[in-house]
Amino acid sequence: MGGIKDKVAIVGMGCTKFGEHWDKSAEDLMVEAAYEAFADAGLEPKDIQAAWLGFQFAFGSARGTMLSHALKLNYIPVTRVENACCTGTDAFRNACFAVAAGIYDFVLVLGVEKLKDAGVSGLPVSYAPFWGSRVEPPVPAPVQFALAATRYFHHYGLSFEEGKTTLAKIAVKNHRNGALNPKAHFQKEINLEQALNAPIVAWPLGLYDCCGVSDGAAAAILTRPELAKSLRQNYVLVKGLGLSCGARQAILHDDYDMVHFEETVTAAQSAYREAGIKDPREEIDLAIVHDCFTITELLIYEDLGFSPRGKAKEDVDAGFFTLEGGLPVNTDGGLKCFGHPIGASGLRMIYEVYKQLQGKAGQRQLKKADIGLTHNLGGHPGHFTCAVAIFGRSG
Amino acid sequence: MVGITAYGAYIPLFRLGAGTVGWRGWEKAVANFDEDSVTMAVAAACDSLKGLDRGNIDGLFFATTTPPYIEKQGAAIIAEAADLKTDILTADVTSSLRSGTIALRMAMDAVKAGSAKQVMVTCADLRVPQPGSEHEPIVGDGGAAVVVGRENVIAVIEDCYSVSNEILDIWRLPGDIFLRSAEERFAAEEGYLKVLPMAVNGLLEKCGLSSQDFSKVAIYAPDARRYREMLVRLGFNPRLHGRNILFERVGNTGAAFSFLSLVAALEEARPGERILLAGYGDGADAFVLRVTENIEKLERRRGVNVYLQAKKILPDYLTYARWRSLIDMAPPARRPPLDPPSPSALYREHNQNIRLYGVKCKNCGYQQYPPQRVCSKCQTKDQYTLVRFSDKRASLFTYSLDYLGLTLDPPLVVCFINFEGGGRMQCVMTDRVIDEIKISMPLEMSFRKLHTVGGIHNYYWKCIPARTLE
């Protein structure tokens, strides 16, 4: 098997403020994110030879032409990608392959989601694996991950209070980071008591264990490293890309433990192999991971190999994943503070890694930021789609 | 000799009673929000099937006054959920409070005539009394089933007698939610108290028996008071038979009432004893049953005994009112409306949804639900045997309480359960008390109505805490 390492460079990125954009359409969000990326790369829309558009929920049109129309990309190929919460990262991944194959010189990847016109709380659709008969229990996202939380507490003998406190610390950390980020939906710190005493959404998860629902868009312009050099010196290199899809093992296998997600483990293995990472805890400088719920982030620490099995709580207690810790996670505030406009999230994560690697992350800037990782996880327990991407500085 | 070969019962877990805020009166059983006459009839049918070969049931009659569909059979759903074979006669006997005894007579005649070897009659009713009405303290929910056959008869049906009578005493129109009734004194004195004795006395005369020949009675009555009056009229000693505990603990379960009384009588019956069974509604049916030695060999079942005692008192009347949609509560969160199920998908999946069939891989032996074309463990394609999970015990692997889910009984308890003997299922837990839910707790499966959307009742299995006596 080959690999993507050092074959693709990011030369420009853009990201809107995430939030409840009652006054902005999906088109507005796409234009804002794309034009920030064009300006960042020093390119114009006419330089783009192909594009990939990621979004999950279609209200009407569900085609790549949404992007062509918004940006007036006249008669170039635009592919729409949808892969649950990995939509943005998978659009990015497919664009990388086209660039690495030498087919195109400059391509645009854009992820967007306009959720807040749906008029409902939570995500507008809960997708059931048995599409037609509707007999499967409704398992909206908070429930899916609450199932893992209940089992994790039981499996490792954590009392409800111990488990909840560990999760609350993750929420407090991400809110602290989000408070430093002008693009975050929620830019407000919370304390442990607030997190612990919040109303229950899906027991044992409370309000602050859940990410918000928001609108947003993010974009990246990719090229080959040799072309990148002509545009800027501090471009960012793609080091590894992993994607893994479950086959409902967690629901079909009575021996599946539900205290880890195998999709994350295997997607990370692929990405680490491509990037040549042997010890992720030591080699990775920052990770922007899929903290749709605090329990998800806790499992991710272990599944990505940052913490030994069952020991993530100790690392949380020690502050290992804070901005000042050994491996800062969700330096931008994560889904917790950005909300989760599905198609945009993966690219929003890459945006933070890109800025950190360039030393442009403002108050959140880490002292050492050479290798960064992004991670998305979406779907249902047992048939998640998981994407892991690894990035490095040029030169 | 034609007679009853097996019996079963079902009484819902929850009761309005002492301790229920907003309820005064005797204790009565109330079906959960996800139960109806079909689901309760399935539970009673499954109780009656203990120790029987499901493949030897040649017919299923479903008796109720509350069928979930006006056009479309309940019996076909029940036969499938009970995993009976398909080359059987199914029928709904409805529209009358004595549907149960009518169906019993039809089953008896079918077996007598030789057109069937064993026929199951399963009855259940979920009649909704108007809050505050004279019916509300009396009407309860429940079901019961008997199997009629020629072999291994536990109670011979010696004879029967029926009368038909046209009267407006209690009735409903299509679309009515609540019961309508005539003045109770008229209904009892001109209807019940006159007509049921016509059937009983006709039967006794025909058989040359008197009330002294019966050690037990299973007689329909609208309530406890009229029941005692009836015993006196029929010449039974009210001190011997005057108390039917069902009135005080379950309520009048409509078409299922005389059967529940019969099950209670059979549970106490000794070989040689005679039981008088009588149903009332638009006339009356009466039966003489004689208990045989076989009753002592019958496999243990829950019957009235266990279901009567394994119960939970509802904390408040408001919960019951929400279950019956007597008040229109706002949903717990702003969520998109449910989509109706697809009839073609429901039909395609009937074995896995209604019979709760999973598969066991012939190559690696792994059991999985729902059925998989390609084995989830060893990837062998299309090599499996079907496995019925509906009567397997399970244990709770993990769960979540969804406080925002669309349900008449929040929170929605979503579970992963592991079956004894292998296999996992993601399902909803019902009949639960939130504070009693614990990982590894023993569970069993219960057939329920998930929801009604687009005019379709979507039936499926949920897990419940194992219904046992503590």
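## Briefing on a predicted two-chain model

Strand β4(B) and strand β6 (residues 118-125) of chain B run parallel and are joined by 5 bridges. The structure is a predicted model.

- Helix α2 (residues 74-81) of chain B belongs with β4(B) and β5(B) to a right-handed β-α-β unit.
- Strand β4 (residues 59-63) of chain B is largely enclosed by the rest of the structure, because 5 of its 5 residues are buried.
- G59(B), F61(B) and A63(B) point one way from the strand, while L60(B) and F62(B) point the other way; all are buried.

**An antiparallel sheet in chain B**

- An open sheet of 3 strands has the order β16-β15-β17 in chain B, with antiparallel pairing.
- Its edge strands, each pairing on one side only, are β16 (367-368) and β17 (384-388) of chain B.
- Strand β15 (residues 357-361) of chain B runs antiparallel to β17(B), and 5 bridges join the two.
- C361(B) is placed opposite Y384(B) of β17(B).

**Chain A as a whole**

- Chain A contains 14 helices and 11 strands.
- Its radius of gyration is 20 Å, which agrees with the value near 21 Å that a compact globule of 395 residues would have.
- Along the principal axes, the C-alpha atoms of chain A fill a box of roughly 60 × 45 × 40 Å.
- Of the 395 residues in chain A, 60% count as buried.
- Among contacts in chain A with a separation of 6 or more, 78% come from residues 24 or more positions apart.

**Helix α1(A)**

- Helix α1 (residues 26-41) of chain A has 16 residues, and its span of 23 Å from first C-alpha to last is close to the 22 Å expected at 1.5 Å a residue.
- The buried residues of α1(A) include A26(A), L29(A), M30(A), A33(A), A37(A) and A41(A).
- Two charged side chains, E32(A) and D40(A), belong to residues that are also buried in this helix.
- Packing partners of the buried residues of α1(A) are β1 (9-15), α2 (65-71), β4 (107-113) and β7 (216-223) of chain A.
- G42(A), just after the helix, takes a positive phi of about 70°.

**Contact between chains A and B**

- The contact takes 31 residues from chain A and 38 residues from chain B.
- On the side of chain A that touches chain B, the elements giving two or more residues are α4 (141-155), β5 (200-203) and α8 (249-252) of chain A.
- Of the elements on this side, α4(A) gives the most, with 6 residues.
- The residues on this side of chain A divide into 19 nonpolar, 8 polar and 4 charged.
- Strand pairing also links the chains: β5(A) and strand β18 (residues 394-402) of chain B pair in the antiparallel sense over 2 bridges.
- In β18(B), L401(B) is the residue that W203(A) stands opposite.

Notes:
Residues are numbered from 1 along each chain as its sequence is written. Chains are lettered from A and ligands numbered from 1 in the order in which they are written. This is a predicted model: local features need pLDDT of at least 70, side-chain atom pairs count only at pLDDT 80 or more; totals for chains, interfaces and linings use all residues. Two strands pair if DSSP finds at least two bridges between them. Helices (H or I, at least four residues) and strands (E, at least two) are DSSP runs, numbered from the N terminus. The radius of gyration is taken over C-alpha atoms; the globule rule is 2.2 Å times the number of residues to the power 0.38. A residue is buried if 20 or more other C-beta atoms lie within 10 Å of its own, exposed if 12 or fewer, and partly exposed in between; C-beta atoms are placed from the backbone. Two residues are in contact if their C-beta atoms, placed from the backbone, lie within 7 Å. The expected span of a helix is 1.5 Å times one less than its number of residues. A crossover is right-handed if, with the strands pointing away from the viewer, the path from the first strand over the helix to the second runs clockwise.
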